[in-house]
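The structure is shown first.

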Amino acid sequence: MSPLVPPTLARADDNARRARFDLRVTLLGLALLVLWEVLGRDLPAARAYGTASGFALRDAWLTSTLMHQGGRILGWCVLGFLAVDAWLQLLPGPTRAERLRWLAACVACLLFVPLIKHYSRTSCPWDLAEFGGIARYVPHWLTGVSDGGPGHCFPSGHAVAAFAFFSGYFLLRRHAPTLARIWLGSVLGLGLAYGWAQLARGAHYPSHTLWSAWLCWVVCQTVARLPQRTLSAPAF
């Protein structure tokens, strides 16, 4: 940083640069999601794993035990680590108020996406008559049309066990950029792996996972734009 630039102006410039980056990622992600929806690739993706007898990998150890149940346990462990970190400040750099802010953002993601899922009328692939169920395929964006199945499948709640931790990237990027990028890559990798497992099991379409990722990013981007005092807390 140049000695001629006041620290407050430098921070403002950094914040503006990060805000522009966040917005570009949001818009690019939305454009790719819309393209996926227009191309209608969900059902062909499900057909790659499902037959009239169902999904062979629905209860497989890799997809069900390791990726689904194990992924949920890992998510709780990471959330617990972030809660401890907010108290003990284990990671380098951020203040306790920042840690609490992004812990709250993580919890908001964990609540927000399942809330949408609760009211969704979209059924899972394994509920389709084509795969041995009772429902017919209806794109999830046709919100007023019932597919005849149990619904409550869009977006992917399991993928949030990874994507909610976008919050860690936002927490770290100003203080430890390299660690933040590693964190972001790990979250993306795990989220896509969870999404694949749920696709292979017949539990979700790819778009369900991708929308979960986008929604979690939007929640974190929104929190990043809030004034610090909105979610700050007094030191313990």
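This is a predicted model: local features need pLDDT of at least 70, side-chain atom pairs count only at pLDDT 80 or more; totals for chains, interfaces and linings use all residues.

## The disulfide

The model contains 1 disulfide. The bond joins Cys-124 to Cys-153, with an S to S distance of 2.2 Å. Because the torsion about the S-S bond of Cys-124 and Cys-153 is about 110°, the disulfide is right-handed. The pair links distant parts of the chain: Cys-124 and Cys-153 are 29 residues apart, and each lies in the loop between helix H4 (96–119) and helix H5 (160–163). Both Cys-124 and Cys-153 are buried.

Cys-106 is buried, with a relative accessible area of 0%.

Cys-220 is likewise in no disulfide; its nearest cysteine sulfur, also that of Cys-109, is 4.2 Å away. The relative accessible area of Cys-220 is 0%, so Cys-220 is buried.

## Packing of H3 against H7

Helix H3 (residues 61–88) and helix H7 (residues 177–201) have axes that come within 9 Å and cross at roughly 150°. The crossing of H3 and H7 is left-handed.

On the H3 side, the contact includes Leu-62, Met-67, His-68, Gly-71, Leu-74, Val-78 and Leu-82. Residues contributed by H7 include Trp-183, Leu-190, Tyr-194, Trp-196, Gln-198 and Arg-201. By class, the contact of H3 with H7 comprises 12 nonpolar, 5 polar and 1 charged residues.

Technical notes. Residues are numbered from 1 along each chain as its sequence is written. Side-chain values use heavy atoms; hydrogens and water are left out. A disulfide is a pair of cysteine sulfur atoms within 2.5 Å. Helices (H or I, at least four residues) and strands (E, at least two) are DSSP runs, numbered from the N terminus. Buried means under 20% relative accessible area, exposed over 50%, partly exposed in between (1.4 Å probe, protein chains only). Axes are lines fitted to C-alpha atoms, for helices over the stretch in contact, and angles run from 0 to 180 degrees between N-to-C directions. A crossing is left-handed if the near helix is turned anticlockwise from the far one by less than a right angle, and right-handed if clockwise. Contact means heavy atoms within 4.5 Å. Ala, Val, Leu, Ile, Met, Phe, Trp, Tyr, Cys and Pro count as nonpolar, Asp, Glu, Lys and Arg as charged, and the others, Gly among them, as polar.
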